[in-house]
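Q: Could you walk me through the packing in this one? I'd like to start with the terms and then go to particular residues.

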Amino acid sequence: MRVVALISGGKDSCYNMMQCVAAGHQIVALANLRPAENTGQTDELDSYMYQTVGHHAIDLYADALDLPLYRGFIKGTSVNTGRVYTTCQEDEVEDLYHLMKLVKDKEGVEGVSVGAILSDYQRVRVEDVCRRLNLQPLAYLWRRNQEILLKEMISSNIQAIIIKVAAFGLDPDKHLGKTLDQMEPYLLELSEKYGVHVCGEGGEYETFTLDCPLFKKKIVVDSAKVVVHSADAFAPVAYLRFLKLHLENKQGESSGTFMVNSCSCEESCNDDDIFPSSEEDEPQKNIPVIWKSLKHYSLDFTKTFGSSGRSLSGYQWFSGITAHFIPSKGKNAQEAAREAFSSLRANMTSEGLKLKDIVLFHLYMKSMKDFNVINSVYVTEFDLCPPARVCVETLLPDGVLFCIDCLAHKYDIAMDDVLRDEKLVMHVQSISHWAPANIGPYSQSIKVGDVLYCAGQIALVPCTMQLVSGGIWTEAIVSLRHVERVLQAMSQKTALHHVITANCYVTDSKHVPIARSIWQKKLRECKKDCKNTWKNIWARRLQL
């Protein structure tokens with residue numbers, strides 16, 4: 001894939017470029033946004049989206065990497081700051097949109113390298129820009145363990161220095177200009193004591209990369225001065241202003257090349273833990289499995305629609321919405337799908353609900369061969385926050401294209417004037433090493449109050465979006481790992497043993513004991529981890 005790299009000068013954008021190259025993509029251009037000249041803020045802009053400290057040195061990146069650099073000005077401000085971004089012409093996000101459109105038109109790029117690690121605010125906005133331009137965001141650092149990630153960056157020969165500090169324990173006189181290698185032990189200490197993000201994801205510090213294995217030339221700082229932004233006694237804010245820099249050839253060093261290590265998520269999807277390590281982990285053959293085969297004539301799909309009625313907490317099930325399709329009668333699959341959604345909409349409207357109130361959607365299909373056609377209709381029915389979705393091919397009667405069950409939720413405002421938690425949605429579209437990108441019109445998870453609803457997960461390798469090899473053992477463990485990561489991203493302390501109900505779909509009844517065995521193994525591991533966490537907490541309290 002031809003990729004443009006969003007660069008700020010920091011370590012994260014550089015390391016993500018390296019990850020893109022390791023994944024087989026080609027970096028063909030660089031892009032950067034800087035403060036507009038009329039803002040009066042020539043060094044650093046107060047922006048939710050962009051790192052601008054050190055931006056005067058970004059022009060050197062074009063020569064260092066021997067790539068075209070596209071730069072634009074940040075003319076907008078942070079106007080639309082909600083969890084979901086919608087186009088707002090005065091917002092600084094639109095400056096990124098215009099820059100990315102220019103690069104796409106000039107360079108024919110298909111993907112965008114993004115150095116986001118933990119900021120949903122930045123990820124959501126970059127993904128919105130990419131969605132509008134039909135570009136694929138590549139965020140290989142997304143939700144990586146920060147201690148491991150920092151060690152990887154250092155061991156990968158990223159030469160970056162601290163150019164801004166803004167946290168308790170970081171001293172401008174001591175720490176500005178220090179390398180990551182020099183700072184790592186101290187950052188780990190600050191993390192242990194005060195919860196500082198070791199990669200600076202809380203805004204604790206910013207970096208500037210002087211060299212990395214992709215550079216053909218390295219950047220050398222000849223002179224710089226410290227600018228104090230806030231002389232706070234506990235957490236002073238200060239940054240380096242570069243006064244003079246130059247490029248040097250990397251004599252005797254490999255320039256522009258580096259060794260590609262094995263992909264971390266591919267390794268974890270095929271490690272030794274996948275397979276049973278003890279008799280306890282072996283499938284229990286003596287547990288009875290009730291297996292009911294569905295006959296094509298066993299259900300009357302003309303009488304299956306039902307609705308549960310609204311619960312006191314605002315939930316309502318709708319089931320049995322069916323798309324009838326017989327090719328010989330002249331109606332095509334798209335028309336059948338539209339009729340089914342029209343029926344669902346009408347039934348929900350009669351209950352005072354809209355499609356946007358759906359939190360969980362079950363789509364049972366007769367054949368996955370029809371998926372693209374059905375999905376083309378499905379995508380038009382939902383906005384930027386679609387429901388979590390489970391999509392399964394199953395045996396359906398002749399003439400039935402698909403069947404829908406869904407759960408909707410809406411508080412009754414007339415009955416309840418208490419301020420409620422808003423619906424939270426996770427809709428990660430970036431390719432990463434974290435969990436499969438959500439490339440369809442569904443959300444990985446939706447949170448209503450204290451309840452999480454998760455989309456179906458299959459055993460895809462996140463960075464390639466290809467099914468893992470290894471059969472049922474591998475698929476079961478990797479699928480559960482994806483579920484775990486989604487749960488933890490929505491609520492940090494949530495784990496598999498908090499699951500109230502789960503559905504596991506298998507293609508053969510012989511896989512049920514294996515799937516159950518792996519589920520039980522994961523539950524034992526969760527409980528063990530919880531006990532160890534509490535032991536560590538009490539140990540720390542005793543030390544205090």
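A: First a definition: buried means under 20% relative accessible area, exposed over 50%, and partly exposed in between, using a 1.4 Å probe and protein chains only. This is a predicted model, in which local features need pLDDT of at least 70 and side-chain atom pairs count only at pLDDT 80 or more, while totals for chains, interfaces and linings use all residues. Residues are numbered from 1 along each chain as its sequence is written, and side-chain values use heavy atoms, with hydrogens and water left out.

Q: Is phenylalanine 361 buried or exposed?
A: Phenylalanine 361 counts as buried, because its relative accessibility is 0%.

Q: And which ring does phenylalanine 361 pair with?
A: Rings of Phe, Tyr and Trp (its six-membered ring) pair if their centres lie within 6.5 Å, and planes under 30 degrees apart count as stacked, over 60 as edge-to-face and the rest as tilted. By this rule there are twelve aromatic pairs. One of them is tilted, with phenylalanine 341 and phenylalanine 402 at 6.4 Å centre to centre and 50° between the planes, and both of these residues are buried. Phenylalanine 361 pairs edge-to-face with tyrosine 378, at 5.0 Å centre to centre and 85° between the planes.

Q: What parts does the pair of phenylalanine 361 and tyrosine 378 tie together?
A: Phenylalanine 361 lies in strand 12 (residues 358-365) and tyrosine 378 in helix 10 (residues 371-378), so the pair ties together parts that are 17 residues apart in sequence. Helices (H or I, at least four residues) and strands (E, at least two) are DSSP runs, numbered from the N terminus. Tyrosine 378 is also buried, at a relative accessible area of 0%, and ring pairs link Phe341, Phe361, Tyr378, Phe382 and Phe402 into a cluster.

Q: Changing topic, how many residues are in the largest nonpolar core?
A: That core has 75 residues, and those with the most contacts inside it are Met17, Leu30, Tyr61 and Phe208; a nonpolar core is a set of buried Ala, Val, Leu, Ile, Met, Phe, Trp, Tyr and Cys residues joined through side-chain atoms within 4.5 Å. Its largest share, seven residues, comes from helix 11 (residues 472-490).

Q: Where is glycine 76, then?
A: Glycine 76 is in the loop between strand 3 (69-74) and helix 3 (93-107), and glycine 76 is buried, with a relative accessible area of 14%. Its C-alpha atom is separated by 4.0 Å from that of glutamate 92, which is 16 residues apart along the chain.
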